[in-house]
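Welcome! Open your viewer and get ready to select a few pieces one after another.

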Amino acid sequence: MNLVRVSRLSRVFDVSKPWLNRVIERLPKRLLTAVSDVSFDIPERTTYALVGESGSGKSTIGKMVVGLLRPSDGNVEIEGVDLATESDETTIERIRSDIQMIFQDPFASLNPRWRVGDIITEPVAARGGDTEGLAARLLEQVGLSAEDASKYPHQFSGGQRQRICVARALASEPKLIVCDEPTSALDVSVQAQVLNLMSDLKDEHGLTYLFISHDLTVVRHMADTIGVLYLGRLLEEAPPDALFTEPAHPYSAMLIDAAPRLDAFGREVVPPEGEIPDPIDPPTGCAFHPRCPIATDICKQERPPLEAFGAGRVACHHAGQVRLKGAA
Amino acid sequence: MSDLPDTGPAPETAPPSRWKTAWDSDIAYSFRQSPVAVIAAIVTLILILSAVFAPWIATTNPFDPASLNLMNGFSPPGVPNQFTGETFLLGTDDQGRDVFSTILYGMRISLFVGFMAVLFAMVLGVGLGLLAGYVGGWTETIIMRVADIQLTLPSILVALLIFGIARGVIPIEYRDQVAIWVLILAIGLSDWVQFARVVRGATLVEKNKEYVQAARLIGRSSWAIMFKHILPNVLSPVLVIATISLALAIIAEATLSFLGVGAPPTQPSLGTLIRIGQDFLFSGEWWILFFPAVTLLALALSVNLLGDWLRDALNPRLR
């Protein structure tokens with residue numbers, strides 16, 4: 001069963017100058033399309049990973065899924081309910097308590113003036129739930145001690161804080177946790193601990209993750225399905241093994257070639273060519289065509305639809321025609 | 001380390017007491033390192049305590065007509081009166097009131113007006129600043145434009161205006177009773193803008209932090225987010241402004257009273273005393289003006305220096 005269903009999701013930001021400047025300087029409105037026509041499903045108890053360069057719209061999708069941002073077009077359904085249009089308060093409350101989020105910066109995501117115990121139990125306390133012994137139980141689950149509940153966030157290291165964030169996310173017993181680059185602010189050694197903790201908790205609590213990251217190695221370790229984003233568009237979606245051995249989209253191949261690998265030490269890493277284009281004025285047709293090694297005329301004119309290919313889906317006119325450069 | 005002699009029993013592992021934690025904190029250390037702050041704090045403390053305990057310290061109650069003797073009028077400081085032989089430490093005024101006692105009682109009024117005005121300005125400014133910063137849009141535009149407009153008017157003028165309106169509205173028999181409260185309202189209303197601007201700026205920074213998003217995510221109301229999450233994080237600059245505003249409010253009160261629109265002669269503040277004293281300055285009775293003025297100076301200066309130190313101590317960029 002699909003816990004999350006994202007269909008034709010788009011988000012446009014107005015990045016124009018203030019109204020008065022625009023009138024005086026006769027400037028047009030400037031609209032930034034952060035997410036464009038993205039659809040995917042997340043089955044229950046699986047991990048769906050979104051990867052992409054910065055500016056590819058990963059975090060925007062995450063915020064729309066949890067309801068922090070309203071979509072400009074399309075919708076997100078969680079357990080069949082669209083939070084943006086639902087009007088029944090009890091349904092909204094029920095769905096909200098099923099969603100939690102873990103943020104990127106563990107130094108900004110905990111209120112510095114609150115005690116850790118209050119931070120962790122807030123999702124429950126705000127709904128009038130029973131918080132007796134909850135903080136201690138959750139802290140022990142994430143590998144901290146019950147006494148830490150009376151401390152303040154500044155008394156912890158980055159990794160410990162991210163554990164506190166995980167504990168807070170678990171407090172309301174959610175089904176879905178959206179993780180927005182949860183390890184990118186941590187040391188590599190601490191990253192592994194936090195990732196393992198998250199895997200264990202997933203099995204223990206039957207969680208579903210939407211895992212947002214720019215780090216392919218992290219994603220490969222965690223995900224059941226990987227979605228590759230480029231300029232707000234979903235270019236390829238595949239299980240990790242298929243994606244890492246036979247990427248169908250030239251952009252996926254470029255990313256995998258650029259990722260350092262331990263099993264091929266000494267191999268020359270192929271740096272990606274070009275830059276991500278200006279999202280205010282995206283290329284016509286396939287957004288990737290200016291950087292694509294196998295682009296043809298059709299790529300400049302027609303935007304390829306996301307269609308089933310091999311083990312997943314891919315949006316490319318020449319799907320499967322690219323080889324990994326560093327393939328052993 | 002092994003060749004060092006045994007230094008005795010192992011250090012205590014009991015958790016440090018509250019007092020010890022406070023003494024060891026950065027702010028306490030910075031306080032101890034700053035002689036200006038220590039002296040300013042001591043002077044402020046002495047002045048505030050002597051104002052609070054004025055009835056026990058003052059030699060006479062200057063507001064009790066029964067305790068006054070007109071024969072004691074114009075006694076110079078420290079010299080026995082030529083008619084009654086009584087000696088007054090700081091002299092007496094034209095009605096024979098002991099200047100030392102009137103200063104203590106006057107300081108009470110000055111400090112009360114100062115504290116209440118700052119409290120009023122703080123509540124108003126912090127509330128409006130939080131609202132403007134968090135809600136944004138038209139709410140923010142209206143609040144901040146009103147603040148900008150008010151900043152273009154001198155605050156003493158705003159206070160005079162409010163005072164003038166209040167005088168017109170309030171019946172004459174209540175004027176003396178409510179004069180103090182009108183003064184508080186006038187000074188408070190001319191002072192809220194600073195709080196609002198600083199709190200708005202800090203709120204804009206805080207509201208985009210992820211802990212606020214986490215609170216929005218679980219469906220907390222805007223009120224809960226503003227007052228429980230953001231407010232505690234914007235309070236340290238507020239504390240600094242409140243301290244400096246206290247000095248300014250005391251001076252503003254003295255100015256208004258000096259101009260004759262502040263505290264009434266039945267409840268004289270330091271400013272009223274200075275106004276009364278200046279009538280006698282050129283006839284040689286300098287002490288009636290001099291001692292209240294010096295007290296006002298010491299009070300405003302020490303509170304101000306304390307505020308300056310607090311600003312530096314709480315500003316992480318200066319560390």
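At what angle do helix α11 (residues 222-258) and helix α12 (residues 270-278) of chain B pack? About 40°, with their axes 7 Å apart. Before you look, note that this is a predicted model, in which local features need pLDDT of at least 70 and side-chain atom pairs count only at pLDDT 80 or more, while totals for chains, interfaces and linings use all residues. Residues are numbered from 1 along each chain as its sequence is written, chains are lettered from A and ligands numbered from 1 in the order in which they are written.

**Stop 1: the helix pair.** Select α11(B) and α12(B); they are oblique to each other (neither under 35 degrees, over 145, nor 65 to 115; axes are lines fitted to C-alpha atoms, for helices over the stretch in contact, and angles run from 0 to 180 degrees between N-to-C directions). Helices are DSSP runs of H or I with at least four residues, and strands are runs of E with at least two, numbered from the N terminus. Now highlight the contact, which includes B:L256 and B:F258 of α11(B) and B:L270 and B:I274 of α12(B); residues are in contact if their C-beta atoms, placed from the backbone, lie within 7 Å.

**Stop 2: between the chains.** Show both chains: the contact takes 16 residues from chain A and 13 residues from chain B. On chain A, α3 (89-97) and α4 (116-125) each supply at least two residues of the side that touches chain B.

**Stop 3: inside chain A.** Colour domain 1 (2-98 + 174-314) and domain 2 (101-173) of chain A, whose bounds come from an automatic or database domain assignment. Their centres, taken over C-alpha atoms, are separated by 27 Å. Domain 1 gives 19 residues to the contact and domain 2 gives 18 residues. Finish on α7(A), which gives the most to the side of domain 1 that touches domain 2, with 7 residues.

How values were computed: Two residues are in contact if their C-beta atoms, placed from the backbone, lie within 7 Å.
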